[in-house]
Amino acid sequence: MFVKLLLLFISASLVNNVVLSRFLGLCPFLGVSKKVETAAGMGGAIIFVITLSSLVTGLIYKFILVPSGFTYLQTIVFILVIAAMVQFLEMFLKKNVHALYESLGVYLPLITTNCAVLGVALDNVQKDYDILTGVIYGFGTACGFAVSIILLASIREKMEYNDIPEAFQGTGIVVVTAGLMAIAFCGFAGVI
Amino acid sequence: MKNKLVHDALVLTMITVIAGAALGVVYEITKAPIAKAQEDALNKSYQAVFADADSFTDVDGFDSAAATQVVADAGIEGVTIDFAKEAVDASGNALGYVIGVTSSGGYGGNISFSMGVTSDGTMNGYATTSISETAGLGMHATDKGTGSFESQWEGKEAGTDYAVAKDGGDIVAISGATITSRCMTKGINGGFAYFQSIEGGAQ
Amino acid sequence: MNKPLERLQNGLIKENPTFVLMLGMCPTLAVTTSAINGLGMGLSTTVVLALSNLMISLLRNIIPDRVRMPAYIVVVASFVTIVQFLVQGFVPSLYDALGIYIPLIVVNCIILGRAESYASKNPPIPSLFDGLGMGLGFTCSLTVIGIVREFLGAGTIFDHQVLPLADRAAGKAGYTPISIFIMAPGAFFILAILVAVMKEVRKSLFEKTGKKLAPAESVLGEDCAVCPFAASCSGKSVLEAKKAETANSAAPVKSTAGKESDS
């Protein structure tokens, strides 16, 4: 059991990396990766939200949607639940855990319509994961996101001093970098 | 102020309820076509692996959980046996089995396929029923005919532990799609393991 | 001018969501491994876009301003689910190929973006055609990208072998597919080239005619302020504060991407 979950974690975080091989969450990946500090904050917030949302949506699916036969409402329910949850989380952190709010909370509103969060929730249903497996899968996926956004930000900080062809300045070179990172991540396919 | 809040919430609730009801109606309408599409895909896959068969009957006392356990006991992880059917020709002779296998660990998730195994334990080919591999790479697993990944399986016999060339076996992987090839190979090994358990028990 | 026709043209060319506005990049990269997948995804999105634009425009006077985002999301999610059922029932092979990306049309920023910036302010008929135009523009771009990737990566177009493949064993000369183009990294490279080309096109167009193309509306334009959610997104102020912070300290090399699109 433990080995299985560990393998799932590695596969979700590195082999099938959420941004670099599945293209989910591309917007924050390209948008909030200028500085390592902000990238780390975003990564942390994503880990927090995805892990929590896979738990919550997993529970809702198993104990509300399946028994009542409303499984066809999953897309609608999931996205509303995620949006509401993020909102509550932000208010809660702001009021009660101010230190955490300072470091992670400010990124929460940016995540509401992030496709990676909804993607993980739908994946868990489609792949028939039980709650624990779903949470591990979500955690792994989010860690994969955090690792790749922090790596990209570190590369971008170094790249500021490079001489880049005019047409590729700005977004162009960032996307090329992401492509090279994706090639590197392809190498993880041999791990499991 | 308070009234406005209530009004806003009410409108939103109304929209949600109407949307939910509309979805329910569409769900009821499309339920039949979806079920039919899935059944058609399965039937087509039976025919694909046993072209001479006339009918397919359920194997007596088939239990998906028990069958999957048999495969797991044989040391093959992540393979589910979804169904097992006996292929019978027009004159009533048993030709072999169609075994429904779902193998985990493809590049785009699980791969489901029907594999045909003749009564003497020879592979009669397979047909995928649910696959979402990369087009142009892993999707070649669905190809038929000479030179395809599928064609090399025809005539392979139960009782051997098959592996792709990269892992020291003799199965030629689909070019650029080792993960898909491994997933298929694992699934077929699982199907064979289950075949041996039913064929062994029947004799 | 004929309004519906003008909206169609606007979506297809002037404000093409992929090439000009650079919206909805997640599905663009993920499903364009083949031309047929791109086409299928594009058409599914078009249906959702047109219907939700129509519905939101009809409801524009009923939906209270403060809850408009959740209301839009409900409308869009319903249409997405309907399309999902239809594809599953009638085109099962496409359903398998697109998989999770069909329900993810909900969070495609083109759809909520059009709802917010067009359908919520305009009458139903133009809104419907705006959705159709945008959707068809999206479909065309996805198909084109799919064709390029499939051609380079497998030597086929719409599953027809266009380039005869090399067979080393048989000693036959021919095309050796550059399979990286249908794998994930290839998608990034295609996008990078696209971004670079569009940047040049914008520049030369501006120099020649003095007219500006619509600015890129996503993060690819490197400015969060033009994002369609900017009005309702509280993250914007956060990013602005961060930006001011970084500007005060050291002031690193300025990004140039936004220059010609910002006015």
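Before you click, residues are numbered from 1 along each chain as its sequence is written, while chains are lettered from A and ligands numbered from 1 in the order in which they are written. Because the model is predicted, local features need pLDDT of at least 70 and side-chain atom pairs count only at pLDDT 80 or more, while totals for chains, interfaces and linings use all residues.

**Stop 1: a helix pair in chain A**

Select residues 131-159 of chain A, helix 8, and residues 171-186, helix 9. (Helices are DSSP runs of H or I with at least four residues, strands are runs of E with at least two, and both are numbered from the N terminus.) The two axes come within 11 Å and cross at roughly 130 degrees; axes here are lines fitted to C-alpha atoms, for helices over the stretch in contact, with angles running from 0 to 180 degrees between N-to-C directions. Helix 8 and helix 9 of chain A are therefore oblique to each other. (Under 35 degrees counts as roughly parallel, over 145 as roughly antiparallel, 65 to 115 as roughly perpendicular, and the rest as oblique.)

Now show the side chains where they touch. Helix 8 of chain A brings A:Ser148, A:Leu151, A:Leu152, A:Ile155, A:Arg156 and A:Met159, and helix 9 of chain A answers with A:Ile173, A:Val174, A:Thr177, A:Ala178 and A:Met181. (Contact means C-beta atoms, placed from the backbone, within 7 Å.) By class, that contact has eight nonpolar residues, two polar and one charged. (Ala, Val, Leu, Ile, Met, Phe, Trp, Tyr, Cys and Pro count as nonpolar; Asp, Glu, Lys and Arg as charged; the others, Gly among them, as polar.)

Stay on helix 9 of chain A. Its end C-alpha atoms are 23 Å apart, which agrees with the 22 Å that its 16 residues should span at 1.5 Å a residue; the expected span is 1.5 Å times one less than the number of residues. Buried residues in this helix include A:Gly172, A:Val175, A:Gly179 and A:Phe185. (Buried means 20 or more other C-beta atoms within 10 Å of the residue's own, exposed 12 or fewer, and partly exposed in between, with C-beta atoms placed from the backbone.) The cover over them includes helix 1 (2-15), helix 2 (26-31) and helix 8 of chain A, plus helix 8 (184-209) of chain C.

**Stop 2: two loops with positive phi**

Jump to A:Phe23, in the loop between helix 1 and helix 2 of chain A. Its phi is near 60 degrees, a positive value in a residue other than glycine, and A:Phe23 is buried, with 27 other C-beta atoms within 10 Å.

Then try C:Asp159, between strand 1 (156-157) and strand 2 (160-161) of chain C. Phi is near 70 degrees here, again positive in a residue other than glycine, but C:Asp159 is partly exposed, with 13 other C-beta atoms within 10 Å.

**Stop 3: chain C as a whole**

Zoom out to chain C, with its nine helices and two strands. Along the sequence, the pattern reads α-α-α-α-α-α-α-β-β-α-α. Of the chain's 263 residues, 53% count as buried.

**Stop 4: chain B**

Turn to where chain B meets chain C: 25 residues from chain B and 30 from chain C take part. Helix 1 (residues 2-49) of chain B gives the largest share of its side, 16 residues.

Finish at B:Ala65, in helix 2 (residues 64-73) of chain B. With 8 C-beta neighbours inside 10 Å, B:Ala65 counts as exposed. Draw a distance to B:Ile81, 16 residues apart along the chain, and the C-alpha atoms are separated by 7.8 Å.

Notes: Contact = placed C-beta atoms within 7 Å.
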